[in-house]
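Please read the points below with the model open beside you.

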Amino acid sequence: MLPWKRLLRPLTALLLTAAVAVVPATTARAADAPHSGWNDFSCKPSATHPRPVVLVHGTFGNSVDNWLGLAPYLKNRDYCVYSLDYGQLPGVPVFNGLGPIDKSAEQLAAFVDKVLAATGAAETDVVGHSQGGMMPRYYLRFLGGAAKVNALVGIAPSNHGTTLNGLTHLLPYFPGAADLLSTSTPALADQVAGSPFLAKLNEGGDTVPGVKYTVLATKYDEVVTPYRSQFLSGTGVRNVVLQDLCPLDLSEHVAIGLFSLIAFHEVANALDPAHATPTTCASVLG
């Protein structure tokens, strides 16, 4: 008989280690890091880009570290850009996105209202990485967000959960492991493929009317697996594999959100489709 109790915590730690790959190695406290011009609540959207952009970090991320690349990229293109922290757990600093995802969606709803009130805009666009690309769908479907969001861009989003390359299939063989995961880090349990949260989120279809959806995936994703599980079905959806645009882009789950200028160019196209330009390997020079 296997020593279950001794194996529970190592298994959970392994799941946490795999999930923490969404965080850059040089994580700093969000409160201490520079915002480089974003989260400026005096910003007024331009006629060219009339909708503010709300950035939603991933699991173990925060409002600064996740967006050190994309936020300045969009700010330099004349967008009003905002990012929030959500899903905090008591006694866990810096690493956010760990609480129950339905409660995190409530935090997003309040933040979007704050952004719209400050900017005077009627709608916003939302861009999220990993959990941050999936969680807003709960806001859109269940919390009235569809009336306030024009477009949702998910970068490596956990739309249909993840197997962590098959690791989650081991949970049934370790009695109590799933309960421990759910109690310690609810957001991780919510993102396991087949979870009750995901069943509720995706029941009746992936999308809601009136919102444009873009999914940016990389075939080298090692966290949200299989990578095609990130794709959405429905009207107003565009699913993109980075390597179909630039075979030389080797971005995995972290890099697609933090560094990939190919992904950033596609985000810009999704936010302003009227002025979209083809994304190729040369887009890294733009």
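1. Helix H10 (residues 261-271) has these buried residues: Ile 262, Ala 263, Phe 264, His 265, Glu 266, Val 267, Ala 268, Asn 269, Ala 270 and Leu 271. That is ten of its eleven residues, and H10 is mostly covered. Buried means under 20% relative accessible area, exposed means over 50%, and partly exposed lies in between (1.4 Å probe, protein chains only). Helices (H or I, at least four residues) and strands (E, at least two) are DSSP runs, numbered from the N terminus.

2. The model is predicted: local features need pLDDT of at least 70, side-chain atom pairs count only at pLDDT 80 or more, and totals for chains, interfaces and linings use all residues. Residues are numbered from 1 along each chain as its sequence is written, and side-chain values use heavy atoms, with hydrogens and water left out.

3. How many disulfides does the structure hold? There are two, a disulfide being a pair of cysteine sulfur atoms within 2.5 Å. With the bonded cysteines numbered in sequence order, the pairing is 1-2, 3-4.

4. Cys 43 sits in the loop between helix H1 (4-19) and strand E1 (53-56), and Cys 80 in the loop between helix H2 (70-75) and strand E2 (81-84), so the bond ties together parts 37 residues apart in sequence. Cys 43 and Cys 80 are both buried.

5. The other disulfide joins Cys 246 and Cys 281, with the sulfur atoms 2.0 Å apart. It is right-handed, because the torsion about its S-S bond is about 105°. Cys 246 lies in the loop between helix H8 (242-245) and helix H9 (253-258) and Cys 281 in the segment after H10, so parts 35 residues apart in sequence are tied together. Cys 246 is buried at 4% relative accessible area, whereas Cys 281, at 26%, counts as partly exposed.

6. Helix H3 (residues 101-119) packs against helix H4 (residues 131-142) at about 80°, with the axes 8 Å apart. The two are therefore roughly perpendicular; angles under 35 degrees count as roughly parallel, over 145 as roughly antiparallel, 65 to 115 as roughly perpendicular and the rest as oblique.

How values were computed. Axes fitted to C-alpha atoms, helices over the stretch in contact; angles between N-to-C directions.
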